[in-house]
Amino acid sequence: MHQVLVTRPEPNNQRCVTRLQANGHSAIGAPMLEIKPSEQLGQLPTLFASLDSHRLVVAVSQYAVESCQNYLQQHRLSWPASPHYLAVGQATAECWQQYGIRAMVPQRQDSEGMLQLIQQQLGNIHTAYILRGQQGREWLAEQLQAQGIKVNYLSCYQRHLIDYAQPQLEQWPSQINTIVATSGEILKHLTTLMSSTRQATWLRQTTLLVPSQRLQNYAVSLGFEHIILCNGASDQACVEALAHTPPPARNQHDPE
């Protein structure tokens, strides 16, 4: 049986745990990050007033969409229909779809895939608004600016690391044989928490599910040895990846 540690933030953490359990897996939720709304959300009304069919709204995560949606709901506003919408992956697009927005999704679900889609299908765009956390990768903006597209950021949320006590961390090697991680920040914090020699050895040898090639490359650089590339960050992508991955015979620290 897959015994999965889900590290993504709430509310998606518990939803993913429930989905995995419904598909016959054991799953434990341990969010590595807490998501809180940013003060910059107050700029949404002004931003929305400027949108038209030559402008593109990009969401780099579900949390960007949810943070904006919570603000819009509180102020009785809605997403405008005129601009193009682009989601980094299927999970983010499905999040947007709940609120009436049909977003485009690149085949390769990362910044490189979004750039390729923009180049191939959105040649009339002159301005892009990127919805993200308080910090993020600059690569997509730099590539768009090099092509003459004006780029504006809106920091929709802030990420705060969550710590766990050593007694809880010491239990994971006997409870877990698979980990779901959806960002580099999550992976880095996980490796910081599991820093003893014994913990680090277990972590490197545990099966890791990641949603993008870039994150897979980062996991390799951290020393992870068994990495599964999912088809995006959605719960369904995790379920499908596990369905095609034989579970380890036992946990590393199970008794013989």
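Visitor: What volume does the largest cavity have?
Guide: This is a predicted model, and the structure holds one cavity of 30 Å³ or more. The volume computed for the largest cavity is about 30 Å³.

Visitor: Which strands stand at the edges of the open sheet?
Guide: The open sheet has five strands in the order 3-7-6-4-5, and their pairing is mixed. Each edge strand has a single partner strand, so one side of each is left without a neighbour in the sheet, and the strands in question are strand 3 (33–37) and strand 5 (84–87).

Visitor: Which residue in strand 7 does Lys36 stand opposite?
Guide: Strand 3 pairs with strand 7 (residues 150–161) over five bridges, and the sense of this pairing is antiparallel. Within strand 7, the residue that stands opposite Lys36 is Gln158.

Visitor: What angle does the direction of helix 3 make with that of strand 7?
Guide: Helix 3 (residues 62–74) packs on the sheet, where it touches strand 3, strand 4 (55–59), strand 6 (127–133) and strand 7. Taking the direction of helix 3 against that of strand 7, the angle is about 95°.

Conventions. Residues numbered from 1 in each chain as written. Predicted model: local features only at pLDDT ≥ 70, side-chain atom pairs only at ≥ 80, totals over all residues. Heavy atoms only, no water. Pairing = 2+ DSSP bridges. Helix = DSSP H or I, 4+ residues; strand = E, 2+ residues; numbered from the N terminus. Contact = heavy atoms within 4.5 Å. Axes fitted to C-alpha atoms, helices over the stretch in contact; angles between N-to-C directions. 1 Å grid on protein atoms, 1.4 Å probe; cavity = no way out; pocket = protein on both sides within 12 Å on 5 of 7 lines; lining within 4 Å. Points joined across faces, edges and corners; volume = space filled by probe spheres on them.
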